[in-house]
Amino acid sequence: MGARQEEYEPLATAVDAEDVEQHIPSHPPVKSAWQAWHVKVLVCIVLAQFVTIGALLSRSPPQAQRQDGAQFLYSPAQDVLEDELVVFRAGSEHKTPYQALTDEADEMWLDLYSPSIFMMPREEAVRLPNRTHPVTKDAPDGYYLGHLDVFHQLHCLNYLRMSISPERYKPLIRQDMLEYEHLSHCVDSIRQSLMCSSDISVNVWQWSEHYQGVAGRVNVAHSCRNFDKIKDWVRERLAPEDPINGKEYVENDLPFPPVYYTAAEYVTCASDREN
């Protein structure tokens with residue numbers, strides 16, 4: 001069935017002539033000299049405000065001006081971001097390889113996030129909203145340590161996965177990694193990450209022949225970041241296996257930015273650090 005066609009009148013003919021005559025005075029009121037001067041002052045103030053706003057925007061980091069939902073905090077990996085469509089698998093009737101309790105599955109999980117500590121040059125490190133430590137061993141001068149948070153969350157998720165099968169994993173890993181303190185940290189870290197990213201893909205309800213009833217479905221399409229590209233980006237920039245002496249104090253020449261509570265604070269301070 002074709003779309004319903006609406007008929008619209010041009011704006012000029014949609015208003016009766018009598019209404020037009022009532023809204024347009026035949027003789028504009030005469031303004032006093034004081035009123036004319038007042039209007040000119042207001043116009044100058046408005047123009048000055050536009051010029052000031054334009055100057056501030058031109059100084060802001062490019063990522064701070066984006067209005068498409070992207071993060072406003074700088075990350076050296078932001079240029080590699082690429083969206084892709086992914087249909088999630090429910091993992092109930094049809095399991096994914098990551099659900100198995102096998103050596104192969106363990107290797108797949110480890111490959112998701114290890115190794116993932118990378119190093120970045122000073123011109124990238126100086127733009128971070130948080131200060132980081134220089135690489136002091138087995139690398140050229142002027143490089144700093146970094147770790148994308150997605151890999152920390154995957155590390156935590158893997159340990160939660162292993163904690164539900166202690167008979168298999170307790171003999172294989174450090175005991176403290178499966179204790180309450182670490183696992184509690186991991187649960188809350190993943191909570192914060194999920195709330196931060198807030199996936200707004202829509203789960204739906206459909207008729208299920210298998211259940212002979214209406215059932216919720218979570219195997220729906222999602223707009224995702226291409227994880228493989230992010231992982232490849234990191235592995236092209238890996239830090240040495242032993243990049244620092246954790247017990248040695250080293251002078252750090254990076255600025256010490258404050259904790260940012262709003263986007264406006266970050267934009268202002270990031271711009272000042274670059275100038």
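Arg-122 and Asp-253 form a salt bridge, with the closest N and O atoms 3.1 Å apart; a salt bridge here is a side-chain nitrogen of Lys or Arg within 4 Å of a carboxyl oxygen of Asp or Glu. Arg-122 lies in helix α4 (residues 122–125) and Asp-253 in the loop between α8 and α9 (263–274), so the pair ties together parts that are 131 residues apart in sequence. Helices (H or I, at least four residues) and strands (E, at least two) are DSSP runs, numbered from the N terminus. This is a predicted model, in which local features need pLDDT of at least 70 and side-chain atom pairs count only at pLDDT 80 or more, while totals for chains, interfaces and linings use all residues. Residues are numbered from 1 along each chain as its sequence is written, and side-chain values use heavy atoms, with hydrogens and water left out.

Across the whole structure, the search finds eleven salt bridges. One of them pairs the side chains of Arg-168 and Asp-106, at 2.7 Å from N to O. This pair links distant parts of the chain, with Arg-168 in helix α6 (residues 166–169) and Asp-106 in helix α3 (residues 103–113), 62 residues apart. Arg-168 counts as partly exposed at 23% relative accessibility, whereas Asp-106 counts as buried at 17%.

Helix α3 also holds Asp-111, which forms a salt bridge with Arg-235, the closest N and O atoms being 3.1 Å apart. Here too the pair links distant parts of the chain, since Arg-235 belongs to helix α8 (residues 227–235), 124 residues apart from Asp-111. Asp-111 is partly exposed, with a relative accessible area of 36%, and Arg-235 counts as partly exposed at 26%.

Turning to the cysteines, the count comes to one disulfide, taken as a pair of cysteine sulfur atoms within 2.5 Å. The disulfide joins Cys-156 to Cys-186, with an S to S distance of 2.4 Å. The torsion about the S-S bond of Cys-156 and Cys-186 is about -70°, so the disulfide is left-handed. Cys-156 lies in helix α5 (residues 149–163) and Cys-186 in helix α7 (residues 180–197), so the pair ties together parts that are 30 residues apart in sequence. Cys-156 and Cys-186 are both buried. Cys-196, by contrast, is exposed, with a relative accessible area of 68%, and Cys-224 is buried at 16%.

Helix α7 also contains His-182, which counts as buried at 14% relative accessibility. Leaving aside residues up to four places away in sequence, His-182 touches His-155, Tyr-159, Asp-176 and Met-177, where contact means heavy atoms within 4.5 Å.

Finally, the surface carries a nonpolar patch formed by Trp-205, Trp-207 and Val-214, with about 430 Å² of accessible area together. Trp-207 has its place in strand β4 (residues 204–208). Patches are made of residues with over 30% relative accessible area and no salt bridge, joining like charges within 9 Å and nonpolar side chains (Val, Leu, Ile, Met, Phe, Trp, Tyr) within 5 Å. Accessible areas come from the Shrake-Rupley method with a 1.4 Å probe, and for residues only the protein chains shown count as cover.

Terms used
Buried means under 20% relative accessible area, exposed over 50%, partly exposed in between (1.4 Å probe, protein chains only).
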